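Reader: I have not looked at this structure before. Please take me through it in questions and answers.

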Amino acid sequence: YLLYSHSTIRIPLLAKFPNTIASKLDFMRSYRFLIGFALLTFVIWLLMGLTFYVAYSAFVEDLSFHGAALLMGLVNLSFLLAFFPGNLVGYQSTAIFALGLLGVAPTVGLAASIVVYALTFLVIFVLGAVSRAKLAVA
């Protein structure tokens, strides 16, 4: 039972709720799970960095993998401050800023960010349509 301050109000449903959440998270106590989770996270970030490197290398001739990683990190952090739906303006402005740190002109940065942003969402929409068709979702 959950007791509130000095009153004797008892709420059995709320009292069971924290225990239910804790029991569902027991799998996180396994070192095997945590190591696998960390490795999978590392692989995902590495693949994202590779994607940024390949995509932006088409616009920036001497882009290093470290530069692409900086670009990826700043752009992904910009999603925390999304002011517009889909982070439309935040993505481009952050990409222009990050590419500017790497010595790229703002016009090239804007063009690159728009093309990469559009291609990213195109892939998402196509994969979503394919999965919807495969699962026969109405």
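Author: Accessible areas here come from the Shrake-Rupley method with a 1.4 Å probe. The model is a predicted one.

Reader: What percentage of the residues count as buried?
Author: A residue is buried when its relative accessible area is under 20%. The protein has 138 residues, and the part that counts as buried is 19%.

Reader: Which helix gives the most to the nonpolar patch on the surface?
Author: The patch consists of Phe42, Val43, Leu46, Leu47, Leu50, Tyr53, Val54 and Phe65, with about 730 Å² of accessible area together. Leu47, for one, has its place in helix H2. Seven residues of the patch come from the helix that gives the most, residues 31-57, which is helix H2.

Reader: How is the aromatic pair of Tyr91 and Tyr117 classed?
Author: The whole structure holds six aromatic pairs. In the pair of Tyr91 and Tyr117, the centres are 5.0 Å apart and the planes make an angle of 45°, and the pair is classed as tilted.

Reader: Which helices does this pair link?
Author: Tyr91 and Tyr117 are 26 residues apart, and their pair links distant parts of the chain. Tyr91 belongs to residues 88-101 and Tyr117 to residues 106-135, so the helices are H4 and H5.

Reader: Is Tyr91 buried or exposed?
Author: The cut-off for buried is under 20% relative accessible area. Tyr91 has 5% relative accessibility, so Tyr91 counts as buried.

Reader: Is Tyr117 buried or exposed?
Author: The relative accessible area of Tyr117 is 12%. Because buried means under 20%, Tyr117 is buried.

Reader: Why is the pair of Tyr117 and Phe121 tilted?
Author: Tyr117 and Phe121 both lie in helix H5, four residues apart, about one turn of the helix. Planes under 30 degrees apart count as stacked and over 60 as edge-to-face. The ring centres of Tyr117 and Phe121 are 4.8 Å apart and their planes are at 50°, so the pair is tilted.

Reader: Which residues form one aromatic cluster?
Author: Phe121 is partly exposed, at a relative accessible area of 28%. Phe121 belongs to the cluster, whose members are Tyr91, Tyr117, Phe121 and Phe125.

Definitions and conventions:
Residues are numbered from 1 along each chain as its sequence is written. This is a predicted model: local features need pLDDT of at least 70, side-chain atom pairs count only at pLDDT 80 or more; totals for chains, interfaces and linings use all residues. Side-chain values use heavy atoms; hydrogens and water are left out. Buried means under 20% relative accessible area, exposed over 50%, partly exposed in between (1.4 Å probe, protein chains only). Patches are made of residues with over 30% relative accessible area and no salt bridge: like charges are joined within 9 Å, nonpolar side chains (Val, Leu, Ile, Met, Phe, Trp, Tyr) within 5 Å. A salt bridge is a side-chain nitrogen of Lys or Arg within 4 Å of a carboxyl oxygen of Asp or Glu. Helices (H or I, at least four residues) and strands (E, at least two) are DSSP runs, numbered from the N terminus. Rings of Phe, Tyr and Trp (its six-membered ring) pair if their centres lie within 6.5 Å; planes under 30 degrees apart count as stacked, over 60 as edge-to-face and the rest as tilted.
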